[in-house]
Amino acid sequence: MIRVALVGQGLVALHFEVGLEKLRHNMISDYGVPLRNWLPYKYSDIEVVVSYDVDESKVGKTIYELAKKYYDSPGEIPGTLKDIVVKRGIHLNSLKGLPFKARGREEVEGYDSAVWSIIDEWKSLDVDVVVNVMTTEPVEPVGGLLELHERFKEGDLTASQTYAYMAAIYSSKYKSAAFINCIPSPLANDQAYVDLYRESRGVLFGDDGSTGATPLTTDLLEHLYERNRRVIDIAQFNIGGNTDFLSLSLPERNVMKKITKSAMVSDILGYEAPNYIRPTGYLEPLGDKKFVAMIIEYYSFGEFKDELYIAWRVNDSPALAGLLVDLVRLGKIALDRQHYGTVYEVNAFYMKKPGPPGSRVISKYKAFQELLKWIGVRDPRY
Ligand SMILES: NC(=O)c1ccc[n+]([C@@H]2O[C@H](COP(=O)([O-])OP(=O)(O)OC[C@H]3O[C@@H](n4cnc5c(N)ncnc54)[C@H](O)[C@@H]3O)[C@@H](O)[C@H]2O)c1
């Protein structure tokens, strides 16, 4: 079994929990799960055992109750989701400035007790993988291990940094674990964390799940590069109506996405092309089905100018939830192989800004081939 803890009981977590339960019981197909049934671990091997949030309207509720309220799709909600209750996590001001009533465990029982009681819960639940899908927060890499230890002791890290540190303690003291960072906080891109995970016999994947327009853009840029078309500029707009977009409307949070999303342009093209790529707006009626528009202008042979137009509606949260079905299994595979630290081949395909620090963004087409090689499976078409 692969026992999963989720951090951030928002829409991505909910689509993962509901979708996984339906997959396990053959109620839906596995579209949107890139590695399908090609891995040694089956869908039925994955079990979500706990979830954490700090929003007072979610803490203490079951996933079933939350799904009844927020899972916007016809069909039955699996009754097994009544067994998972959302527990109070560490807050550390991660929801500051947003219109939610939040309270962290450290505000109830103090920082040290909060941290250790969560690690103890993971121990009693025998957790293998911790998935981070909490609200995007502003954060800088720490850089050095000594400073990281010191700042953890002082409670001077952000919420994601703290959860990731806690999973490393859990790995070194109890059982090797994987931490999957699907948000822009630089963790797999922070040398201090990569070193910490190597020492702790854990594995860290990150940063920022690559769904929607970003992976499509990487493959379009690869296509243009291979045809030696010269990209003049890229304009990409993303407007959505979920709470992720609401939080990204705050400038200090939005800049985190700019960093992870525009990493790809010069890496793939080999030169810098002026670009504007980031979430641009919150429009509530769009809900979770965001609107993406993109224009890429480029020079073709004879220096004639072409333009590529894309207009797209994408169900945002299910896209990342499908990737999580792979990522938790890959986390367990990395641990089985004692591949500690981080794994570039996994990050390059699933993440916008693949760690370790200094790694190149490559097209998703190339990354998929590298990933299959790393796993040791063959694409049945070839
Ligand atoms: N396709 C995608 O949806 C996609 C792609 C890449 C990255 N992401 C990232 O995944 C994250 C989750 O997206 P979402 O749509 O589910 O957002 P969401 O707003 O629905 O959910 C985030 C949840 O995290 C909770 N949270 C905030 N601080 C917390 C803390 N300290 N501890 C525990 N929980 C905390 C919030 O209360 C909320 O319930 C976002 O950071 C987003 O940028 C999403």
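Student: How do you know which residues and atoms count here?

Tutor: This is a predicted model, so local features need pLDDT of at least 70, side-chain atom pairs count only at pLDDT 80 or more, and totals for chains, interfaces and linings use all residues. Residues are numbered from 1 along each chain as its sequence is written, and side-chain values use heavy atoms, with hydrogens and water left out.

Student: What makes up the secondary structure of the chain?

Tutor: There are 14 helices and ten strands. Both are DSSP runs, numbered from the N terminus: helices are H or I with at least four residues, strands are E with at least two.

Student: Why is the chain called as compact as a globular protein of that length?

Tutor: Set its radius of gyration against the globule rule. The radius is taken over C-alpha atoms, and the rule is 2.2 Å times the number of residues to the power 0.38. For 382 residues the rule gives 21 Å; the chain has 20 Å, which is close, so the label holds. The C-alpha trace spans about 70 × 45 × 45 Å along its principal axes.

Student: Why is S210 called buried?

Tutor: Buried means under 20% relative accessible area, exposed means over 50%, and partly exposed is in between (1.4 Å probe, protein chains only). S210 has 5%, so it is buried. Of the 382 residues of the chain, 58% count as buried.

Student: Where does S210 lie, and what is it in contact with?

Tutor: S210 is in the loop between β6 (203-205) and α8 (213-226). Contact means heavy atoms within 4.5 Å. Neighbours within four places in sequence aside, the contacts of S210 include L323, F349, Y350 and K364.

Student: What share of the chain's contacts comes from residues 24 or more positions apart?

Tutor: Among contacts with a separation of 6 or more, that share is 76%.

Student: Why is the pair of F152 and Y165 called stacked?

Tutor: Rings of Phe, Tyr and Trp (its six-membered ring) pair if their centres lie within 6.5 Å; planes under 30 degrees apart count as stacked, over 60 as edge-to-face and the rest as tilted. The centres of F152 and Y165 are 3.9 Å apart and their planes are at 15°, so the pair is stacked. F152 is in helix α5 (residues 145-154) and Y165 in helix α6 (residues 159-173), so the pair ties together parts 13 residues apart in sequence. F152 counts as buried at 8% relative accessibility. Y165 counts as buried at 8% too.

Student: What makes the pair of W38 and F368 tilted?

Tutor: The angle decides. Their planes are at 45° and their ring centres 6.5 Å apart, so the pair is tilted. This pair links distant parts of the chain: W38 is in the loop between α1 (11-24) and β2 (46-53), F368 in helix α14 (residues 364-375), 330 residues apart. Both W38 and F368 are buried. Together with F349 and Y350, they form one aromatic cluster. The structure holds nine aromatic pairs.

Student: Is E121 buried or exposed, and how do you know?

Tutor: E121 is at 15% relative accessibility, so it counts as buried. E121 sits in helix α4 (residues 111-125). Leaving aside neighbours within four places in sequence, E121 is in contact with Y52, K87 and R105.

Student: Why does N254 count as buried?

Tutor: The relative accessible area of N254 is 13%, so N254 is buried. N254 is in helix α10 (residues 251-261). N254 touches L248, R278 and P279, not counting residues up to four places away in sequence.

Student: What makes the backbone at D126 and N228 worth a look?

Tutor: Most residues other than glycine have a negative phi, and most peptide bonds are trans. D126 has a positive phi of about 60°. N228 has a positive phi near 50°.

Student: Which peptide bonds are cis?

Tutor: The bond joining G206 and D207 is cis, with omega about 0°. The bond from G355 to P356 is also cis, with omega near 5°. D207 is in the loop between β6 and α8, and P356 is in the loop between α13 (344-350) and α14.
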